[in-house]
Amino acid sequence: MAQESELAAISVRNLSIQYGDFAALQNVNLDIPRNQISALVGPSGCGKSSFLNSLNRLTDLIPGCRVKGEVIFQTQNLTDSKHDVLSLRRQIGMVFQKPNPFPQSIRRNFEIPLREHGFSKKECRDRMVEALTQVGLWEEVSDRLEKGAANLSGGQQQRLCIARALALEPEVILFDEPCSALDPIASAVVEDLIVSLRERVTVVIVTHNLAQARRIADQLSVFWVRDGSGTIVESGDAGEIFQSPSDPDALNYLCGARG
Amino acid sequence: MAAVLSVGALLWIVLDLVKMGTSQIDWEFLTSGVEESGRAGGIGPVIKSTLLILMCCLLVAIPFGVGCAFWITEMVSPGSRLTAWLTRSVDLLASIPSIVFGLFGMAFFCRILGLGFSILSGGLTLACMILPILIRTTLAAVQSLPPDLRLSATAMGLRKSTILSRVLLPRAFPGILIGFTIGVARALSETAALIFTSGYATRSPASLLDSGRSISVHIFDMAMNVPNGATRASASALVLLLVILMINYLANYFSDQWLKKVN
Amino acid sequence: MFRHRNDRGLKWLLSGVALICGSLVIGIVGFLLVEAWPVFSSGQIFAFFSDGAWQPGSDREPQFGITPMLLASLAVTLLATALAVPPGILAAIFQIYYSPKWLATFQDRAMELLAGVPSIIFGFWGLTVIVPIINQIRPPGQSLLAGGIVLGLMILPTVSLTTRAALQAIDRSLVYGGAALGLSRPRQIFSIALPAARSGILSGCMLAMTRAIGETMAVVMVCGNIAKIPHSIFDPVRPVTSTIALEMGYATEGHRSLLYAAGFVLVVLTGFLLLLRRREPVL
């Protein structure tokens, strides 16, 4: 166990998520390895997004949502209600399906979170430049930092969101279908960017695009609905699972998409 | 035809006021003191009292209104009993006739708190009256914001207070401004709630604890209690109407500008 | 570590603010009851509703009947509603289904403007324009009719704006469906659109009535202020709100309590209208 959690950035044990009486997710166990890309796939409504949201406690925002089980991150259990969620969310960043920069200037998009976490104006600027450079956006926007982020294209906005998450230097970044709202070209740019992030952060990505999962994932987990609630039916090395899934549902799902 | 009728009525009212009032209004009228119960002199002190009453009212009503709306959106889960209770009492508050606010203000602010007939009592009474407007408009403005704004801010580990002040408030500002305008217009036009709380005095108020008549009370008094006061009253009425129009226009203008700047 | 302090302070602050806002209405009604208590405890409450006249100041034989005023309030409100609702609804229909865009925008502005005109100005205008006209038909001019006309104009924008909102909110395909069946435009509007928007329109009318019944200054100025049961629309009347406004200035002890009781009656009336409004969408 100790050995495992050294390798894993996040270890999930017996996780269940309930919305009122409805159990969205039951008995999920998963180790998310450090500096790899873990992809979560499966049909809609099988709890992938709920799972993702429980990793940075965004589930707190949903009324009537209860999370049971353990999520071990840096030897601490995240589901503990006393855990400091603010610093947790700084360490585990998130990028959403729809690009959602704050509708203010590009600079403010960095300043708001960075100032909150105690950085000086100077550090804000340095980190902004560094993060924008990493996502390849610096050249494109360096002359209009004071302009509204809403004027950027969809792909640029999504890269801005990724840069904004990177600027906080998180350990893990969660991606919730980051490419599904983008056109194919922008989608390819963002996908390449995610692959390049692997060296510095752990990536967890929910995607409906199996081709994308096949291209980028190191680890793959297939979610499925069993007995009315979602769970993981197959999990492990992405290449192996795509080759020969052992679970029949996973087989159908992956092959159906293949054919 | 019905449309013509209603628009016609509006024009009729405005034109009447303009016809009777314009000749009376000049700088002198706006600044000099009230003489002979208003038949001579101007409305300087009346304007001063009105502004002071308005200031008291807004200073209290805005923090409470905006705070209450944010409590509903941020601090309690939607659909909870507390929210239901609060929205219901705000609805009821909004339906209470202004004269009843006057009765309450007279009993509570004037007598029990011992503020007497004063600008402060009047302002506080008006604050109670426009509170539901501010709460509702702020609520509508915040609730119409895209939910992922709040989501992404939370995902970055921002505190609620930061999310409120740096992310939500700037976006909701135009909506809040509209509520502010409606509130100001209501407060300026209110008469019934002020007669028994801030009184009739025509002299220039020296402090917030002095009595002072607002412009709408002045119009009322001139029209009802002062023989031959009608022309002077229409001048005051015209001033009031113009101010309200101007506030409406400015609020629209500023919220447009704000939206442009933000996007 | 100041920066990472939790949000507890903010939470307490906002909770306190919300508590005060939510309790305000309870406080107001409570105050009315406390101030009106002598009326209830001395049994005057029966006289309040049974006495036929209102002479609370009289030394010899004081009478405390609120009935004439209550009837006046209701009569003025109903008259105003009757006068405002048809043109208000028609104006909204015209705006949505018939008028060209520029005219609709203009109408919008005009309605918003009319809604923003202070009631005191409506009252003043009624006093200087409407009352003399009625006076020529039948003196004294200050009358139930004058109150109805002035209030009617005042609530017209409320009716029109809420009707417009209700009509805009209904599913467009309903109307298209009617058109596809070959119904004429007026048929589409009156048989399909209006019934579909009924609850919204009714709730707008209730809102307008709430405004009318609570209005004080406009009616004080044009209604004539004589506390008798009216026999025709040309009779002067005195609604509850006017009574409070006119007598509060000099009322003492028992009289004062009566006025607070009258205020309480007003709150009950408007609260009742609010309940009707709330129930309507469920029907």
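# A first look at the strands, cores and rings

In chain A, strand 3 (residues 37-41) and strand 9 (residues 219-226) run parallel and are joined by four bridges; strands pair if DSSP finds at least two bridges between them. Helices (H or I, at least four residues) and strands (E, at least two) are DSSP runs, numbered from the N terminus. This is a predicted model, in which local features need pLDDT of at least 70 and side-chain atom pairs count only at pLDDT 80 or more, while totals for chains, interfaces and linings use all residues. Residues are numbered from 1 along each chain as its sequence is written, chains are lettered from A and ligands numbered from 1 in the order in which they are written, and side-chain values use heavy atoms, with hydrogens and water left out.

- One of the residue pairs here is A:Leu220 with its bridge partner A:Gly236 in strand 10.
- Two residues lie between the strands of this hairpin, where A:Asp227 takes a positive phi near 55°.

- Strand 7 (residues 172-176) of chain A is mostly covered, with five of its five residues buried. Buried means under 20% relative accessible area, exposed over 50%, and partly exposed in between (1.4 Å probe, protein chains only).
- A:Val172, A:Leu174 and A:Asp176 point one way from the strand, A:Ile173 and A:Phe175 point the other way, and all are buried.
- Strand 6 (residues 92-95) of chain A runs parallel to strand 7, and four bridges join them; A:Ile92 has A:Val172 as its bridge partner.
- Strand 8 (residues 202-206) of chain A also runs parallel to strand 7, with five bridges between the two. Here A:Leu174 stands opposite A:Val204.

**Nonpolar cores**

- The largest nonpolar core holds 226 residues, and A:Phe110 and A:Leu132 touch the most other members. A nonpolar core is a set of buried Ala, Val, Leu, Ile, Met, Phe, Trp, Tyr and Cys residues joined through side-chain atoms within 4.5 Å.
- This core draws at least three residues from each of domain 1 (2-42) and domain 2 (63-278) of chain C; the domain bounds come from an automatic or database domain assignment.
- Another core, of 30 residues, lies apart from the largest one, and A:Ile10, A:Leu55, A:Phe73 and A:Leu78 are among its members.
- Leaving aside neighbours within four places in sequence, A:Leu132 is in contact with residues including A:Phe110, A:Trp138, A:Leu145 and A:Ala163. Contact means heavy atoms within 4.5 Å.

**A proline in a helix**

- A:Pro113 lies in helix 4 (residues 106-116) of chain A, and counts as buried because its relative accessible area is 1%.
- Setting aside neighbours within four places in sequence, A:Pro113 is in contact with A:Arg108, A:Arg164 and A:Leu168, and also with B:Met156 and B:Leu158.
- A:Pro113 and A:Ala165 are 52 residues apart in sequence, and their C-alpha atoms are 9.1 Å apart in space.

**Aromatic rings and charges**

- Over all chains, the structure holds nine aromatic pairs. Rings of Phe, Tyr and Trp (its six-membered ring) pair if their centres lie within 6.5 Å; planes under 30 degrees apart count as stacked, over 60 as edge-to-face and the rest as tilted.
- B:Phe104 and B:Phe109 form an edge-to-face pair, 5.8 Å centre to centre with 75° between the planes.
- B:Phe108 and B:Phe109 also form an edge-to-face pair, at 5.1 Å centre to centre and 70° between the planes.
- B:Phe109 is buried, with a relative accessible area of 7%, whereas B:Phe108 counts as partly exposed because its relative accessibility is 24%.
- B:Phe104, B:Phe108, B:Phe109 and C:Phe31 form one aromatic cluster.
- The charged end of A:Arg164 sits over the ring of A:Phe102, 4.7 Å from its centre. A charge sits over a ring if NZ of Lys or CZ of Arg is within 6 Å of the ring centre and within 35 degrees of the ring normal.
- A:Arg214 lies over the face of A:Phe242, at 4.5 Å from the ring centre.

**Chain C as a whole**

- Chain C has twelve helices and two strands.
- Of the 283 residues in chain C, 54% are buried.
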